[in-house]
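Welcome, and please open your viewer before reading on. We will go from stop to stop, selecting as we go.

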Amino acid sequence: MNFFADLKVTFRSMRRNFRFSLLAIFVMTSGLSLSIYMFSFLYNTLSAPLPFDQGERVRKLQPITSTNQFLSFRLSDYQDMAKSQTTFDVFDTYYNRRRNLVSSDRSFRDRVFYVNPPFFEVSNARPLKGRVINQDDMLPGAAPVVVIGEHIWDNLYGGADDVLGKELRIENKPFTIVGVMPATYRFPDYAKIWAPFDMTTQGINRSNVPYASVYGRLKEGVSDEQAEADLVQIMEQIALEYPELNEGESVIVTTFQKLAAMTTDTLILAMQLCVGLVLLLACINTGNLLLSRALEKSKESAIRTAMGATRGVLVTQVMMEAVLICLISGVLSLMIVSLSLEGSLTALKSMFLGSEPPYWWRFELTLESYLAAIFMTVATAVITGLLPAIKATKGDVSSILRDGTRGAQSFQSGRLSKLIVISEVALSSALLLIATSVALSVIEKNHTDYGIRLDGYLTAEVSLNRSDYRTDERRLSFFQKLEQELEKQPGVDDVSFTRMVPITWARVEQFEVEGVDYGKDPKYPRPEIVTVSNDYFSTVEIKLFEGRTFSEQDRADTPLVAIVSQNFIKKYMNGEPALGKRIKLARSGSDWYTIVGVVNDVTHGWPYSYNIERPSVFVNLQQNPERAMSVVIKTANDPNLLRETLRRVAFEVEPNAPLFNVLTMERNHERAVADINFISRLFILFAIASMILAFSGIYGVMAYTVTQKTQEIGVRRALGADNQEIHVHFLKQGAIQLITGLLVGIPVGIGLLNMLIQSELVSFSAMIFILVPLAISLTIVIAVANPVRKVLKLEPIHALRYE
Amino acid sequence: MSALISLKKLKKVFSTEEVDTHALSDIDLEIKSGEYVCISGPSGCGKSTLLSILGLLDTPSGGSFILNGTDVCELDAKQRADVRKKEVGFVFQSFNLISDLTVEENVELPLTYRKELSKAERESMVANALEKVDMAHRRKHYPSQLSGGQQQRVAVARAVVGNPSIILADEPTGNLDSKNAEQVMSLLDQLHGEGATICMVTHDPRGVKRAKRSVEIFDGRVVADSSLSRPKKTEQSEKELATEATVA
């Protein structure tokens with residue numbers, strides 16, 4: 001028979017066994033979809049080269065110490081590295097800051113990237129209009145220029161043709177627009193405004209020089225390791241020269257992609273392992289379905305052999321079905337993935353609220369996705385098809401034809417199906433352990449008690465210009481005026497200020513408690529310090545346990561006061577009475593603060609244990625008038641209704657201090673858990689997929705095994721076994737496979753959990769170790785009991801005569 | 001001798017959507033303890049169906065069936081299983097040994113369903129049964145490692161191991177060559193000689209001749225029931241038995 005005739009026969013047989021083919025395609029499609037999705041997602045966000053010529057050679061540098069990784073280098077260190085390094089053909093620096101920006105008629109706040117000319121060369125910048133920043137702009141005394149992105153051009157200047165030469169005020173300083181970049185150009189990640197790099201080390205003590213980001217383009221043929229070795233050596237040299245500043249500091253070579261993903265290598269590895277396990281499960285299931293079919297057809301194979309077919313021909317025939325199933329599944333998976341990638345973009349955008357995902361992230365099927373899909377499809381076809389084909393065509397032809405070896409064959413395939421069930425149990429228990437642990441921890445985090453009320457608040461950040469608000473009085477009067485004006489608005493119940501809204505972020509400082517000896521090598525307490533206005537505690541419903549909150553009597557000319565959280569006393573003062581004790585910033589000449597009140601614990605920063613457990617010190621806005629604060633508005637209505645009011649009032653009070661991050665308190669919380677929710681959704685997807693695959697797989701194998709043993713059941717009944725004894729017999733067999741599978745799967749799961757534990761994405765719970773085995777045991781019981789029950793419905797004599 | 005089995009007006013009807021097939025109609029039959037009955041007839045006459053009902057592997061559609069004084073038509077599935085394990089021993093045409101179990105495990109199988117027997121009791125009963133069929137030397141083998149004749153001897157051992165009231169044999173020589181068939185028949189003879197009640201379905205005339213009573217069935221009815229005189233063992237068959245025993 002030729003290829004096409006074989007293909008026709010295969011198609012016909014698949015059509016005849018429609019339900020079987022459908023099941024196989026379903027199983028394979030689930031496995032392939034998840035795998036292709038994960039590949040596309042991880043590749044496009046993490047591994048794909050930056051979208052310009054030689055983008056694959058661009059690297060970001062990160063300073064590290066033994067305990068920490070940072071994002072920017074001391075500018076003087078950058079200059080020393082730039083002088084000595086030999087592995088990059090471009091070695092450059094930039095920095096970005098949030099700035100208040102004013103066009104002729106509008107004000108807003110956004111990031112400005114301060115860059116050098118090579119920045120645009122490396123990233124292949126082609127301006128839509130005008131030019132990019134050049135060497136002349138960098139000269140001392142050059143007129144300040146700025147390059148804007150298409151977004152800004154459209155939104156602020158209405159896409160006007162004469163935008164070049166117009167003015168954009170940055171922190172109240174005029175800059176001339178010299179170029180417009182296309183919307184597709186956002187290097188280094190989501191930039192929209194670029195200005196000349198203006199940091200300098202001249203005339204500044206090395207310990208006070210500013211920090212900036214460092215990146216470069218590797219010379220052709222230079223590996224990351226070589227570049228890193230070279231730079232590490234230079235950093236060691238610097239550390240020898242300036243031990244007090246650079247002791248223990250080193251450098252790693254990484255990519256913009258990895259830094260932007262805000263994730264860890266272990267998390268990615270865990271996801272890849274999970275998806276690998278799911279794909280393996282799918283392969284085992286489909287392979288097993290095909291094997292059972294091939295064994296059923298072993299008589300047909302024997303007849304073909306008797307007619308002169310070689311083993312190769314037979315293997316090809318069985319393989320063809322596997323290839324067809326995988327091919328159809330591959331195409332279906334690509335369609336599903338293409339749809340779900342679009343969905344992910346929406347989900348991820350909510351994570352990046354306030355900013356945006358890096359511009360090189362692509363949520364579509366790329367060439368690499370297609371290649372990976374083809375590779376996975378072919379690989380799964382071989383894995384699922386080859387083994388069954390070899391196994392099924394190995395039988396002794398003449399005995400199969402004489403129909404006498406039923407026993408011998410079922411003996412072999414029986415062992416194989418036991419192995420399959422064991423691996424299904426092992427794989428699914430490992431996957432379920434991880435997925436449920438992740439889901440549990442996410443549920444915990446979603447219900448974090450931040451120590452404040454979440455509903456009914458609108459929050460926004462504001463940052464005053466340094467030049468206009470030099471004095472404490474001016475700053476204080478701004479906040480007072482804003483508060484008064486806002487409180488006049490209908491729907492506003494209460495207004496107060498805090499340096500940082502809980503949930504969002506924290507400023508951690510070293511403190512010392514009066515009278516405590518911190519020793520020679522002092523490890524000072526590191527709580528967060530939060531500046532708040534007088535009525536802040538009542539506005540957000542933080543409970544006062546002892547003493548008092550801030551009031552009008554605390555002024556610049558009265559002694560400094562502080563309020564601490566309960567865990568501050570527990571952690572740093574051995575639980576002793578705190579009222580009246582004094583604390584101050586360590587290693588500085590700051591004055592002593594007297595503790596006047598104790599409030600409940602408040603979490604500043606995202607809900608990870610290090611944030612939740614960190615104590616807080618609250619100080620008074622009137623005694624520490626800061627330039628940047630957050631306003632918190634309490635309302636009985638939907639806080640979103642106050643957005644416009646807030647914007648309008650703030651603009652009226654100070655047009656040069658636009659509000660940003662205008663969010664409800666609940667939205668702040670959602671944003672804090674958005675990434676873990678996204679990741680947990682993936683893991684829950686893995687869990688559901690593995691549960692479905694494992695259940696269908698185990699059920700399929702068990703049902704097939706039981707059907708194969710119909711005659712045996714008949715014999716056992718003829719010999720006196722009652723229904724219960726038959727059930728017990730098969731359940732015992734299932735139990736052995738279950739226990740073996742769990743003994744393999746649970747330790748693997750625990751190993752994977754340990755990988756994830758640092759990322760605080762999992763929470764260990766004894767319940768998991770009961771629930772997961774229970775769920776799988778239940779699967780086995782159903783998978784055994786149901787087919788056995790069906791066979792037992794037959795009269796024993798029919799079971800005995802079953803073919 | 002009292003009747004071990006008593007069938008009155010026994011019926012078996014197979015109903016499909018289109019037609020009712022009367023496999024057995026108004027069967028009246030008594031089998032006494034210690035009898036060696038052969039049920040014969042052409043293919044499809046209902047003899048195997050009758051044997052299945054006698055072995056409680058199938059239920060009659062009507063009539064009564066008294067086994068050892070118990071009306072078995074009234075029993076539920078569990079009670080029927082109980083009767084099977086104590087009263088009935090089966091020998092099938094296709095041996096029906098369980099391929100994953102060794103010879104001795106196969107023979108022990110019906111005893112494992114009898115909770116009253118201790119492990120030691122079971123072991124000695126299995127050893128006895130294997131001794132009887134001369135298969136003790138193969139007790140650790142798997143069925144696939146045995147010849148057809150040997151497998152059937154193991155099956156006979158399994159049928160007699162629990163000392164059942166009756167051994168039901170369904171074409172026990174159907175899958176065997178004449179030499180092996182002869183051995184199995186001799187084995188049944190021997191068991192009968194030791195007092196076993198045997199009811200055998202066969203259309204092998206040699207088998208028919210060995211039984212003491214022949215019941216002939218045609219179209220689901222008993223058409224002849226005659227006691228036969230048992231032919232004497234030939235010298236040749238004695239010899240054959242001895243040869244096989246040494247070969248095995």
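In which sense do strand S1 (residues 3-15) of chain B and S2(B) pair, and over how many bridges? Select both: S1(B) and S2(B) pair in the antiparallel sense over nine bridges. Strands count as paired if DSSP finds at least two bridges between them. The strands (E, at least two residues) and helices (H or I, at least four) are DSSP runs, numbered from the N terminus.

Before the next stop, a note on the model: it is predicted, so local features need pLDDT of at least 70 and side-chain atom pairs pLDDT 80 or more, while totals for chains, interfaces and linings use all residues. Residues are numbered from 1 along each chain as its sequence is written, with chains lettered from A and ligands numbered from 1 in the order in which they are written.

Now click Lys12(B), whose bridge partner in S2(B) is Leu24(B).

Next, show chain B whole: its secondary structure comes to eight helices and 10 strands.

Finally, bring in chain A. Here 20 residues of chain A are in contact with 20 residues of chain B (C-beta atoms, placed from the backbone, within 7 Å). On chain A, select helices H15 (406-446), H22 (710-718), H23 (723-757) and H25 (796-800), each supplying at least two residues of the side that touches chain B.

Notes:
Two residues are in contact if their C-beta atoms, placed from the backbone, lie within 7 Å.
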